[in-house]
Amino acid sequence: MKTGLLAAACAAGLVLGGSAAQALTIIDFEGETLGAQADGYAVTGFEELVFTTELGSGLALYSGTESDGVSLLAQNDTNGNFIRGTFTDGLHSFLSLTFGNDDPNFLTAGDQAVLTVFKAGTMVGQTILMLTGPNDLMDQTIGFQFAQFDSWSFAYTNAAGVPSTGGAGANVGLIEVIDNITYDTLATGVPEPAAWAMMILGFGGVGAMARQRRRLVAA
Ligand SMILES: [Ca+2]
Ligand SMILES: [Ca+2]
Ligand SMILES: [Ca+2]
């Protein structure tokens, strides 16, 4: 249900986006096989985004009452592990994802969700959100836009920004669970009429049109 709403919202964005119209890709992991995944995992058809973990292992696909269908997580959370994503198709400038698993039994005051973006390994931006109303449900969204980046990380940290390394009652015992990963689609954007005119004048347009692909996920 939530995925369908998100897809609809993005479709509306394509229509109403004005001069900045762009296609968006959404990965919601539905249809993927549950269980452990090796670092380097990518969803078939979305190979441009490769998932890894900070510590080299612990990726898993998961589905439970607190998640949004199938979701991606990084086990476990007594060792500072968290999720990384690397784009193999170039620089992006928009990213958002839903997250949750903010179990109140494992939460400490000040715990936060941190999305950091990098360009060629150098941090170029960061979004920090406090965990609002801890309820163990995936009901928060975090995002970043404007600066260009080619990789990102998502981590739960303590109030000082240190990735969680503790268990219940000591620092945080939260496991990152993310879903509905949405990013600007490179080389498949929907050109504005003026852009089409330029392409037709400059290149004949046919070749460029033939390479266009739409990768929006069906709800
Ligand atoms: Ca999902
Ligand atoms: Ca973690
Ligand atoms: Ca929540």
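Mentor: The discussion below concerns a predicted model and sets its values against the definitions.

Trainee: Why is the contact of Arg84 with Glu54 called a salt bridge?

Mentor: The N to O separation between the two side chains is 2.7 Å. The cut-off is within 4 Å, from a side-chain nitrogen of Lys or Arg to a carboxyl oxygen of Asp or Glu, so the pair of Arg84 and Glu54 qualifies. By this rule, the count is one salt bridge.

Trainee: Where in the chain do Arg84 and Glu54 lie?

Mentor: Arg84 belongs to strand 6 (residues 83–87), while Glu54 is in the loop between strand 3 (49–53) and strand 4 (59–63). They are 30 residues apart, and the pair links distant parts of the chain.

Trainee: What makes Arg84 partly exposed?

Mentor: Its relative accessibility is 25%. Buried requires under 20% and exposed over 50%, so Arg84 falls in between. Glu54, at 35%, is partly exposed because its value also lies between those limits.

Trainee: How do you know that strand 5 is mostly covered?

Mentor: In strand 5 (residues 70–74), five of five residues are buried. Val70, Leu72 and Ala74 cover one side, and Ser71 and Leu73 the other.

Trainee: What makes strand 4 and strand 5 a pair?

Mentor: Pairing requires at least two bridges; strand 4 and strand 5 have five, so they pair, and they run antiparallel. Within this pairing, Ala60 stands opposite Leu73. Two bridges also join strand 5 to strand 12 (residues 177–184), again antiparallel, and there Leu72 has Ile178 as its bridge partner.

Terms used
Residues are numbered from 1 along each chain as its sequence is written. Chains are lettered from A and ligands numbered from 1 in the order in which they are written. This is a predicted model: local features need pLDDT of at least 70, side-chain atom pairs count only at pLDDT 80 or more; totals for chains, interfaces and linings use all residues. Side-chain values use heavy atoms; hydrogens and water are left out. Helices (H or I, at least four residues) and strands (E, at least two) are DSSP runs, numbered from the N terminus. Buried means under 20% relative accessible area, exposed over 50%, partly exposed in between (1.4 Å probe, protein chains only).
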